[in-house]
Structure formats: C-alpha cells, structure tokens
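Dear colleague,

I am handing over the structure below, together with some notes on what turned up in it. Please look through it first and then read on.

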Amino acid sequence: MLLFCLSIKAQTNDIQIKIVTEENEPLMGATVYFETLEKGAVTNFDGIAEFTKIPDGQHQIIISFLGFETFETSIQIPSNTALVFKLKEGANQLETIVVQSTRSTRTVKKIPTRIEFIGVEELGEKAIMNPTNISMVLRESTGIQMQQTSLSSGNTNIRIQGLDGRYTQLLRDGFPLYGGFSSGLSILQIPPLDLQQFEIIKGSSSTLYGGGAIAGLINMVSKTPDFEPALDIMLTQTQALGSTANVFYSKRNEKFGFSLYGSAHYQKAYDPEGDGFSNLPKTTSISFNPKLFYYPSENTTVWLGLNGTYDDRIGGDINKIENGEEGIHQYTEENNSKRLSSQLVYQTQLDAVSSLEFKNSVSFFDRNLTVPDFNFDGKQTNTFTEISYTTASEKTDWIIGANLYTSNFDENDNLPLQRDQKDVTFGAFANNIYDLSDNWILETGLRADYNTDFGFFPLPRISLLYKNDNGFSSRIGGGLGYKIPDIFTEEAEYINFENVLGIDKSTTNAERSYGVNFDFNYQTRLSDEIGFSINQLFYVTAIKDGLLLNSTDNGLFQFENATDEILSKGAETNIKFTYKDFRWFLNYALIDTKLNYLPGNPQKPLTAKHNAGSVLMYESEKWRIGYETFYTGKQFLSNGTETTDFVTMGLLVMRNFKLGSVFVNFENFTNRRQSRFSPLVLPPHENPVFPEIYAPTDGFIFSVGLIIKPFGNKEQD
C-alpha cells in the first residue's frame with residue numbers, strides 16, 4: 001500500500017506556466033486552462049500561472065487574454081524545459097487596453113499620442129482611500145495637482161502641469177463632463193466605484209474633443225454590464241465622522257442589459273485644530289446613475305444613461321453650523337447644488353474594419369452659493385451632440401466626425417449683476433494614424449471649430465512614435481488649443497464671484513495655446529523575477545491671451561486678456577519595479593510655470609516646482625498592502641510669500657475573502673496640514689479672512705470599510 005501511494009504521488013506535479021507578449025514582456029491576467037482536467041489559473045504580475053497536482057502525461061491547454069489571439073497547444077508533464085508561451089496580439093479584436101479617449105482600437109503601445117492609463121485594480125485602491133470622489137485618483141498621478149480653492153466648501157480644481165483647472169477637459173465615456181458654474185464642485189461629485197479605467201492625455205488634445213483641452217484631458221470610462229451579474233457594495237467610516245455607502249449592480253442578457261449605481265455620503269463639520277472653523281464642511285450628497293443597454297444585433301449597441309446628484313455642503317464657523325448664528329459666530333459658506341444629465345449612444349459595426357457612432361448628452365446644473373450678505377445663484381444647461389465614423393486598414397486608422405456644443409448660463413434675475421452667457425460651437429475633425437514602418441508610426445489630426453461669438457479656430461496636431469523590439473519607445477507631438485472665456489475661474493471662485501463682472505465679448509479674446517511633448521519609455525527584465533520600466537517626459541505649453549481677473553477703480557473685478565504668455569515647461573519621471581507580488585513606483589515632477597505678463601516673469605502662485613512620490617504595493621489573492629510617501633516642494637503665494645515644503649504618508653491594508661474584503665486606511669498619518677505651518681483663518685471671527693491653501697487642510701484621516709462582492713469571487717484560504 002505504501003509503495004502504491006508513493007507511486008500515485010509521483011504521477012502528479014506542481015508546475016508553472018509563463019505567458020509573455022511577442023516583446024517577451026510578462027502578461028498579467030492571462031488565463032491558462034487544462035481542457036480535460038477542467039482546471040484553470042490566471043497569470044500573476046510576472047506572467048506566471050501556477051498549478052498543483054497535474055498528472056503525468058500529455059495535456060491540451062488553452063491560453064487566452066483579451067486583445068490577444070487564443071492559443072491552443074499540448075504539453076508534456078513532466079517537462080524537461082521551461083513552459084513559456086508567447087501570445088500574439090489579435091488583428092481585429094479588442095486590444096489589451098481599449099483607450100476610448102483616442103477612439104482607436106490599437107493598443108496603447110501602437111498609438112503615437114502619449115496616454116497614461118489607470119486600470120480597475122488601481123482605481124479600486126484609490127476608491128478605498130477616498131470613496132466619495134475621484135480626487136485621490138488624480139492627486140497621486142505625476143504632474144497633477146489638486147488645488148483646493150475654498151476651506152469652507154472644499155472646492156477643488158485639477159491642475160495639469162501647473163495650468164489652471166479650466167484648461168483640463170473632463171470627460172466621462174467620451175462626453176464633456178461638468179465645467180462652467182459647477183467649477184471646483186465637479187471633482188467632489190464624481191464617486192469612483194462604477195468607473196472601470198482612467199485615461200489621461202497631457203498637453204493639447206483639442207483635435208478630437210475641442211476647446212478646453214489645453215493642459216490635457218481626463219476620460220473616465222464606466223463599467224458596462226456582462227452576462228455574469230456584478231454587485232459591489234462599499235461601506236466606509238472615518239474617524240472624522242464621514243460615512244459613505246456605494247452600491248453598483250449590473251447584468252445583461254442577449255438583448256438587454258442594465259447597470260444601477262447609487263452613492264450616499266454624509267460628513268459632519270470637522271475642525272481638527274480647534275480654531276472654531278471647519279476644515280471639512282458638513283456635507284450631504286446623494287448620487288444615482290442608472291443605465292439601460294440594448295443589443296439589437298452582435299454589431300450594434302444602444303445605451304441610455306441618466307445621472308442625478310444632490311449635494312449640500314456648509315462650512316465655516318462650527319458654532320453657527322451646529323447652533324445657529326449668535327454674537328461673533330456669523331460666517332458660513334453654503335453650496336447647494338442639483339445636477340441632472342443624460343447620455344445617449346448608438347454604436348454599430350458597419351463591417352470588419354468600419355464603425356459608426358452617434359452620441360448626445362444634455363446636462364442641467366443648479367447651484368446656490370450663500371455667504372453672509374451675498375448670494376450667487378444660477379442655472380447652467382449644456383448640450384453635446386456628435387457623429388463619428390471610424391475605419392481601419394492594415395496600416396492606417398481614420399476617425400472623421402462633427403459635433404455641436406452649447407452652453408447656457410442663466411443667473412438668477414433677482415441678483416444685481418447679471419452675468420448670463422450663451423455659447424454655441426460647431427466643430428468638424430479628422431484624425432489619422434499611419435504605420436510608416438514596423439518601427440515608426442505617425443499620427444496627424446485637424447479640427448476646425450467655429451464659435452458664434454469668438455470666431456474660427458483651426459487646430460492641427462501631429463505626433464510621431466518610434467518603437468523597437470528591445471522594450472524602447474519614444475514619442476514626440478504637439479498641437480494647438482483654445483478656451484472660450486467665462487467667469488468661472490479659480491480667481492473668481494476664490495472670492496465667491498462677488499463683484500465680478502461678466503465677460504465682455506466685444507473686448508475679450510479667446511485664450512489660445514500651443515504645446516509640445518517629448519517622452520521616451522523603456523521596459524526590461526533585470527532578472528527572471530524583477531521587472532523594470534521608466535518613462536521620461538519633457539513638455540512645454542504656452543497660453544496667449546490668458547484670462548485675468550483684475551480690479552477696477554469702483555471696487556469691481558473685470559476679466560481682461562494678459563499682455564504676454566503664460567509659459568509652463570517641465571519634466572516628469574516615472575519608474576516602476578516589480579518583484580513577484582511587489583510593485584514599487586517612483587515619480588518626480590518638475591513644474592516651471594512662469595507668468596510672463598508680470599514683471600520679472602514670476603513662478604505661478606500655488607504651484608510647487610518640485611514634487612516627488614513613492615508607492616510600494618504588495619498584492620496577493622488574500623492581501624493588498626500599500627505604503628505611499630509624497631513630497632511637495634516650496635510654493636509662492638500671490639503676495640510673493642514662500643511656503644514651506646512638506647511630506648505626507650499613507651498606509652492601506654486590505655484582506656480579501658470569498659464574498660468581499662475588509663480594509664483600513666491611514667491617510668496622511670503624519671498629520672501634515674497647513675495649520676501647522678501657517679493659519680488657515682485670520683480675524684475678525686465674524687468676518688474672517690481665508691489665506692490661500694497650499695497644503696492639506698484635513699490632516700490625518702483614518703477610515704475602515706467593508707466591500708461586499710457576492711458574485712464571481714474565488715475562495716480565499
């Protein structure tokens with residue numbers, strides 16, 4: 001019996017099968033399946049799938065991965081050689097990463113436009129760190145700054161490479177998202193749980209998406225339903241008395257599918273330094289986003305989405321917030337906003353290489369901003385309609401389209417300054433990607449926009465990619481951009497739009513820009529277990545006729561064009577190491593943004609010239625542990641005062657189970673906040689002055705949470 005048992009044991013094997021791309025790069029997430037044994041596994045960060053108790057003999061295996069040709073072969077167990085297989089990219093299939101912002105079916109590596117991609121795994125990590133909005137996702141990307149403009153409301157704008165938030169185009173599933181009167185509230189009203197990926201393009205990207213993408217664009221791609229149901233429930237509680245609940249559910253059949261997303265957040269007014277003023281406003285926010293999908297054929301998809309958000313936040317004097325106005329306790333800032341938007345998309349595959357898409361969206365935003373003795377109240381309605389045609393051949397891809405964008409801001413008729421503004425812009429565009437050879441790829445594009453008030457804007461763009469089989473690639477590209485002026489700038493937001501005059505279209509010009517990016521990327525294996533990659537970017541962007549808010553002799557503020565350029569130049573470095581279940585990311589950003597219209601060409605205020613970060617991640621089936629450190633260099637305030645530099649640190653620990661996960665997150669656990677360096681509020685108490693914000697205001701935030709995923713999970717040991 002003993003000899004028999006030993007014989008049986010000797011007939012099974014523990015094996016590893018490694019999957020790589022044609023460039024010999026490990027392919028994480030590929031599926032290896034033993035057909036007769038009905039046994040499968042998914043490759044890890046090193047491209048390795050591990051199996052136990054595989055019997056001796058010949059076995060048929062199937063290797064598959066999205067965007068690659070499925071590969072079938074037979075292997076002999078035990079094997080005298082390493083089991084390593086290459087997967088070939090599919091010809092007319094979905095690619096490894098489908099990047100919607102470029103509207104191309106090519107992989108990221110074959111597109112001359114430089115794209116930063118944040119996938120579902122990293123989004124999951126950031127959602128744990130901040131489940132209420134997407135600020136965490138963006139803040140930790142190299143060269144992106146989240147600039148808070150109000151202590152009382154928490155309003156926050158995106159700055160890419162030192163340029164104001166109005167120069168960044170926010171998209172969701174290719175639709176222009178928010179902007180205008182929603183201003184700094186936009187970032188605070190986008191929860192991340194129903195998002196699948198982020199695509200970030202830095203530098204002028206106006207060819208495909210029109211005005212507003214001077215600094216770049218960020219496209220957020222939503223999750224879509226699959227035949228297997230998906231249910232995600234996330235519950236989070238912070239020590240700062242913030243409670244958040246997110247629920248996402250999706251399912252489809254042959255003809256119909258749907259997704260439902262709901263989010264609710266409540267935050268009590270939070271004052272960590274005890275100065276009597278809130279660092280986090282009292283907030284009640286509810287968001288609901290249902291989508292219906294219809295599949296009339298294999299080649300056609302129609303979907304309709306609605307998004308509704310109610311957000312009420314009040315910050316300022318803690319005593320007034322909790323007990324009402326009395327004595328010197330008088331100051332609060334209250335933002336009450338309601339948002340409703342629709343999205344309609346029709347997509348059809350005309351043949352194997354051509355497709356047609358029609359999309360339309362209507363968005364309505366109602367905001368009421370109230371501070372003592374002042375009220376700003378208005379409604380904004382935006383529409384977007386586009387039709388585009390895409391075709392491809394062996395060496396070239398084409399996208400041709402036309403769109404119409406309208407914006408209508410209507411200020412409450414009872415208010416003294418009427419700053420209504422209507423804008424209508426027609427656009428047509430064409431973009432081409434052409435394989436000059438196996439190593440060189442050229443992308444060219446041209447957009448022609450016509451605004452009924454500001455005229456005609458021709459926007460050419462060109463990019464060139466070089467790549468080889470040794471893991472090296474390089475891109476260079478540039479283009480033009482523009483921005484239609486409106487009153488919703490960071491400077492106007494800072495003073496709550498009080499005494500700000502409307503745009504005088506007869507004397508104010510549209511802002512125009514030109515920019516160039518150059519980068520190189522190298523990936524290699526330092527050993528069988530250690531992977532290494534580096535990306536180095538250099539950039540320059542110049543803005544002519546920059547929109548400035550200047551004071552007048554009668555105490556009002558009016559918008560004027562700058563007499564010289566805003567010039568932003570710098571560099572970004574991203575380094576990545578991988579070792580088994582460990583990943584280590586290092587980044588550095590040099591941001592040199594000069595205001596050439598001022599004497600001495602000073603550095604742009606509230607823009608740190610030097611920024612650096614380190615993120616160390618351990619990720620296995622059972623555990624996810626992350627430790628991050630970020631350095632923010634010295635900045636200048638508008639009055640020329642130089643601020644201190646500072647370092648923030650965070651720690652995330654998550655344990656996975658069959659039906660979900662539990663996690664704890666220590667955000668900014670060294671408790672770096674601006675009040676430790678300089679005051680956040682200046683007297684008098686009843687009419688306080690709020691200095692500019694250059695550092696975190698909320699300090700250390702500890703959160704615990706639970707993620708419930710009833711479907712599609714594996715048993716964890």
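Is aspartate 449 buried or exposed? Before the reply, please keep in mind that this is a predicted model. Aspartate 449 has a relative accessible area of 2%, and because buried means under 20%, it counts as buried. Its side chain meets that of arginine 447 in a salt bridge, with 2.7 Å from N to O, and arginine 447 is buried as well, at a relative accessible area of 0%.

That pair belongs to a wider set of charged contacts. Side chains of opposite charge can pair when their charged atoms come close. The structure holds 28 salt bridges, and the one between arginine 367 and glutamate 493, whose closest N and O atoms are 2.9 Å apart, links distant parts of the chain. Arginine 367 lies in strand S21, which covers residues 354–371, while glutamate 493 lies in helix H6, which covers residues 490–494, and the two are 126 residues apart. Arginine 367 counts as buried at 0% relative accessibility, and glutamate 493 counts as buried at 2%.

A further salt bridge joins the side chains of aspartate 592 and lysine 594, at 3.7 Å from N to O. Here aspartate 592 is buried, with a relative accessible area of 10%, whereas lysine 594 counts as partly exposed, at 23% relative accessibility. Elsewhere, salt bridges that share partners connect Arg159, Asp164, Arg166, Glu490, Glu511 and Lys604 into one network.

On the surface there is a nonpolar patch formed by Leu526, Ile530, Tyr579, Phe582, Trp584, Leu616, Tyr627 and Phe669, which together have about 690 Å² of accessible area. One of these residues, tryptophan 584, lies in strand S33, made up of residues 582–595, and counts as partly exposed because its relative accessibility is 36%.

Threonine 236 lies in strand S15, which runs over residues 230–238, and counts as buried because its relative accessibility is 6%. Leaving aside residues up to four places away in sequence, threonine 236 touches Pro131, Gly242, Ser243, Thr244, Phe663, Ser703, Val704 and Gly705.

Methods:
Residues are numbered from 1 along each chain as its sequence is written. This is a predicted model: local features need pLDDT of at least 70, side-chain atom pairs count only at pLDDT 80 or more; totals for chains, interfaces and linings use all residues. Side-chain values use heavy atoms; hydrogens and water are left out. Helices (H or I, at least four residues) and strands (E, at least two) are DSSP runs, numbered from the N terminus. Buried means under 20% relative accessible area, exposed over 50%, partly exposed in between (1.4 Å probe, protein chains only). Contact means heavy atoms within 4.5 Å. Patches are made of residues with over 30% relative accessible area and no salt bridge: like charges are joined within 9 Å, nonpolar side chains (Val, Leu, Ile, Met, Phe, Trp, Tyr) within 5 Å. Accessible areas come from the Shrake-Rupley method with a 1.4 Å probe; for residues, only the protein chains shown count as cover. A salt bridge is a side-chain nitrogen of Lys or Arg within 4 Å of a carboxyl oxygen of Asp or Glu.
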